[in-house]
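Dear colleague,

Please find below the structure that I am handing over to you. My findings follow it, grouped by element.

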Amino acid sequence: MKPEDVLGDLERLAELGGGEERIRRQHESGKLTARERIELLFDPGSFEEIDKLVTHRCRDFGMESQIIPGDGVVAGRGRVEGRVVFAFAQDFTVFGGSLSETNAAKIVKIMDLALKMGAPIVGLNDSGGARIQEGVLSLGGYADIFLRNTLASGVVPQISAIMGPCAGGAVYSPAITDFTVMVQDTSYMFVTGPDVIRTVTHEEVTKEELGGAATHMAKSGVAHFVATNDRDCLALIRELLALLPSNNLDDLPRAAATDPVDREDEALDRLVPENPNQPYDMHRLIQSVADAGYFLEVQSQYAPNIIVGFARLGGTPVGIVANQPAHLAGVLDIDAAVKGARFVRFCDAFNVPLVTFEDVPGFLPGTVQEWGGIIRHGAKLLYAFAEATVPKMTVITRKAYGGAYCVMASKHIRTDVNFAWPSAEIAVMGREGAVNILHKREIDAASDPAALRAQKVAEFREKFANPYVAAGRGFIDEVIAPRHTRAKLIAALAGTEAKRDRNPPKKHGNIPL
């Protein structure tokens, strides 16, 4: 047989993976194969595979007779919207996608190449875990991957897609990466499975309840996005990559600005209710300000009292952080602080400007929050905003009370441009609470306590709870009409484009983890 014929046979075996029967089962379970996923992720015809013919080296437990070229992972590079991206896709049809020594070496190789070339890394996870037959070699392979995840963090964007099982130690690679996308009904993640939990703690729980997409999207915050199927998952990854630079030194991927920069929205003038305790949806403001109303929200179901995600302003990608008055009045709690801090730090690492929309009554009170460490966790968000050197812009729409005012990208922690709407209230606390403290004795002794309280509340609002006192001190750069918010932000973004700020020389800070 000619050498080229042997090569052709081996390549066909590699492309067939675990064989037609296992491919059929993969499709029946609602999943695509590793190669089908790779084809959808990359621009047509752009994928270049590496180590296609690699096989495992295990000669125990009957593995010497089970040799499949590729060994359960497809790895290489291609282009997404014309830009180079490196990726690996675990092949569940080959030994359940289990990680072997050589399998891990393929993944490590493309991660090293991605770091060297300054290109994003995408991992498509669909694996039963470490290959038991290889023992410590497979465990060492995981550790090799974890190290690359850590070294690549903040250097190139890393995106993990969970498109099947991901359990045990395998979960820590996605946990280190920047964004995790899960697929509804077909993916799950957990450190310890239901059977072990049942034995150890006597709890009865299904895989879906324990670590399914819905659980990690709403309860744990492990998942940043949930897709309905494999195709939607891969399309979402392409959409996300289009908003991110290839590495921490590259320029942002700007788009043509077709939406008028000076577009106004008169409805914003009526967005904030007159009643300070009445909620409204902050998404309305974000979509009004963003180019073409486009907003890619991150962790939309987790800690919904804070909103984070990506939009474009005048064609430039920006990170949005916003309190959500429609949920818990936009208060900051432990989960919201951690969610916001992680997003802010990602944007800062990759030079994505930050826009903050603020309507925050403070931090959530109560023993659960205090005993859970709201002081420590709240400090994470403060630390992240203060540490960030990217262009930062803040718009206060209504409440900015107490320490939460300081935390939400105030002028005092190096925010470049701070706007406020006329409806903004900047104070140590809400007007009712302040009056109850400042005038309690006077009100209690009054012949008409309710009337005096109303009078004092109105006086407090006029004297303190408005944006003009802060503007007079220079803490607010300008009080703007809500309808002008888009134009003002785009002008501010252009004015801070050449920003050069840096932190004191140090190995790294000690964020209160």
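Helices here are DSSP runs of H or I with at least four residues, numbered from the N terminus. The model is a predicted one.

Arg37 and helix H3

By that numbering, Arg37 belongs to helix H3, which covers residues 34–41. Is Arg37 buried or exposed? Its relative accessible area is 0%, so Arg37 is buried. Leaving aside residues up to four places away in sequence, Arg37 touches Gln26, Lys31, Leu32, Gln90, Leu124, Asp126, Met163, Asp230 and Leu234.

Helix H4 and its surroundings

Helix H4 spans residues 101–117, 17 residues in total. From its first C-alpha to its last, H4 reaches 24 Å, close to the 24 Å expected at 1.5 Å a residue. The residues of H4 that are buried are Thr102, Asn103, Ala104, Lys106, Ile107, Val108, Ile110, Met111 and Ala114. Their cover includes strands S1 (48–50), S2 (73–80), S3 (83–90), S4 (121–125) and S5 (158–162), together with helix H5 (136–152).

Ala105, also in H4, is partly exposed, with a relative accessible area of 43%. The C-alpha atom of Ala105 is separated by 31 Å from that of Ser220, and the two residues are 115 residues apart along the chain. Just after H4 comes Gly118, which takes a positive phi of about 70°.

How H4 packs with H5

At what angle do the axes of H4 and H5 cross? They cross at roughly 10° and come within 8 Å. Angles under 35 degrees count as roughly parallel, so H4 is roughly parallel to H5. The crossing of these two helices, H4 and H5, is left-handed. On the H4 side the meeting residues are Glu101, Ala104, Ile107, Val108, Met111, Asp112 and Leu115, and on the H5 side Leu137, Gly141, Asp144, Ile145, Arg148, Asn149, Leu151 and Ala152. Sorted by class, the contact of H4 with H5 holds nine nonpolar, two polar and four charged residues.

How H12 packs with H14

Helix H12 (residues 334–349) and helix H14 (residues 374–387) have axes that come within 8 Å and cross at roughly 20°. H12 is therefore roughly parallel to H14. The crossing in which H12 passes H14 is left-handed. H12 contributes Ile334, Ala337, Val338, Gly340, Ala341, Val344, Arg345 and Asp348, which meet Ile374, His377, Gly378, Lys380, Leu381, Tyr383, Ala384, Phe385 and Glu387 of H14. In this contact of H12 with H14 there are ten nonpolar, three polar and four charged residues.

Thr356 lies in strand S13 and is buried, with a relative accessible area of 1%.

Asn351 is in the loop between H12 and strand S13 (354–360). At 34% relative accessibility, Asn351 counts as partly exposed.

Most residues other than glycine have a negative phi. Which phi does Asn351 have? It is positive, about 60°, although Asn351 is not a glycine. Glu81, likewise not a glycine, has a positive phi of about 55°. Glu81 is found in the loop between S2 and S3 and is exposed, with a relative accessible area of 54%.

How H16 packs with H18

The axes of helix H16 (residues 431–438) and helix H18 (residues 449–463) come within 9 Å and cross at roughly 115°. H16 and H18 cross in the right-handed sense. Their contact is made by Arg431, Glu432, Ala434, Val435, Asn436 and Leu438 of H16 with Arg453, Lys456, Val457, Phe460 and Arg461 of H18. By class, the contact of H16 with H18 has five nonpolar, one polar and five charged residues.

Gly433 is also in helix H16 and counts as partly exposed at 29% relative accessibility. From C-alpha to C-alpha, Gly433 and Val457 are 9.3 Å apart in space, while in sequence they are 24 residues apart.

With kind regards

Terms used
Residues are numbered from 1 along each chain as its sequence is written. This is a predicted model: local features need pLDDT of at least 70, side-chain atom pairs count only at pLDDT 80 or more; totals for chains, interfaces and linings use all residues. Side-chain values use heavy atoms; hydrogens and water are left out. Axes are lines fitted to C-alpha atoms, for helices over the stretch in contact, and angles run from 0 to 180 degrees between N-to-C directions. Angles under 35 degrees count as roughly parallel, over 145 as roughly antiparallel, 65 to 115 as roughly perpendicular and the rest as oblique. A crossing is left-handed if the near helix is turned anticlockwise from the far one by less than a right angle, and right-handed if clockwise. Contact means heavy atoms within 4.5 Å. Ala, Val, Leu, Ile, Met, Phe, Trp, Tyr, Cys and Pro count as nonpolar, Asp, Glu, Lys and Arg as charged, and the others, Gly among them, as polar. The expected span of a helix is 1.5 Å times one less than its number of residues. Buried means under 20% relative accessible area, exposed over 50%, partly exposed in between (1.4 Å probe, protein chains only).
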